[in-house]
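Me: Please go through the sheet and the pocket of this model with me, one question at a time.

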Amino acid sequence: MRKQLGFYANMMVVAAAEEAVRRVIPVYVINLARSPERRAFMAQNLARAGVAPEFVAAVDGRACRAPTKGLSRAETALILSHRKAWRRLLRSAEDFAVVLE
């Protein structure tokens with residue numbers, strides 16, 4: 001009986017670990033195409049922490065039209081870039097995510 005309980009306890013631990021792996025919080029990293037060195041830096045440091053990020057192509061403020069509603073081009077690009085990350089989250093099955101720049 002004791003041996004059986006140990007087996008079931010181990011099975012519960014394995015099941016809990018598998019569930020934890022499935023429920024890893026997605027990490028989105030917003031990065032400008034013209035900044036490959038920043039992307040490499042983020043990828044390297046996140047990999048050291050055991051994090052597998054998804055990169056989101058940032059909207060470049062230099063390519064934005066004239067600012068609207070009192071926002072600068074950089075602010076407009078920032079909002080649009082974050083919106084891309086939010087939309088990616090909404091298309092996923094996840095309830096939340098981490099967004100980094």
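The questions below take the sheet, then the helices, then the pocket of this predicted model.

Me: Which strands are the edge strands of the open sheet?
Reply: The open sheet has 3 strands in the order S2-S1-S3, with parallel pairing. An edge strand pairs on one side only. That description applies to strand S2 (54–57) and strand S3 (98–100).

Me: Which residue in S2 does Val 29 stand opposite?
Reply: S1 and S2 pair in the parallel sense over 4 bridges. Along this pair, Tyr 28 stands opposite Glu 54 in S2. For Val 29, the residue opposite in S2 is Phe 55.

Me: What angle does the direction of helix H2 make with that of S1?
Reply: S1, H2 and S2 make a β-α-β unit, which is right-handed. Helix H2 (residues 36–48) packs on the sheet and touches S1, S2 and S3. Its direction and that of S1 make an angle of about 160°.

Me: What angle does the direction of H3 make with that of S2?
Reply: H3 also packs on the sheet, where it touches S1, S2 and S3. Its direction makes an angle with that of S2 of about 135°.

Me: Which element gives the most residues to the lining of the largest pocket?
Reply: The largest pocket holds about 250 Å³ of space. Two or more lining residues come from strand S1 (27–31) and from helix H3 (73–91). With 4 residues, the element that gives the most is H3.

Note on methods: Residues are numbered from 1 along each chain as its sequence is written. This is a predicted model: local features need pLDDT of at least 70, side-chain atom pairs count only at pLDDT 80 or more; totals for chains, interfaces and linings use all residues. Side-chain values use heavy atoms; hydrogens and water are left out. On a 1 Å grid over the protein atoms alone, a cavity is a set of points where a 1.4 Å probe fits but cannot get out, and a pocket is an open set with protein on both sides within 12 Å along at least five of seven lines; lining residues have an atom within 4 Å of a point. Grid points are joined across faces, edges and corners, and a volume is the space filled by probe spheres set on the points. Two strands pair if DSSP finds at least two bridges between them. Contact means heavy atoms within 4.5 Å. Axes are lines fitted to C-alpha atoms, for helices over the stretch in contact, and angles run from 0 to 180 degrees between N-to-C directions. A crossover is right-handed if, with the strands pointing away from the viewer, the path from the first strand over the helix to the second runs clockwise.
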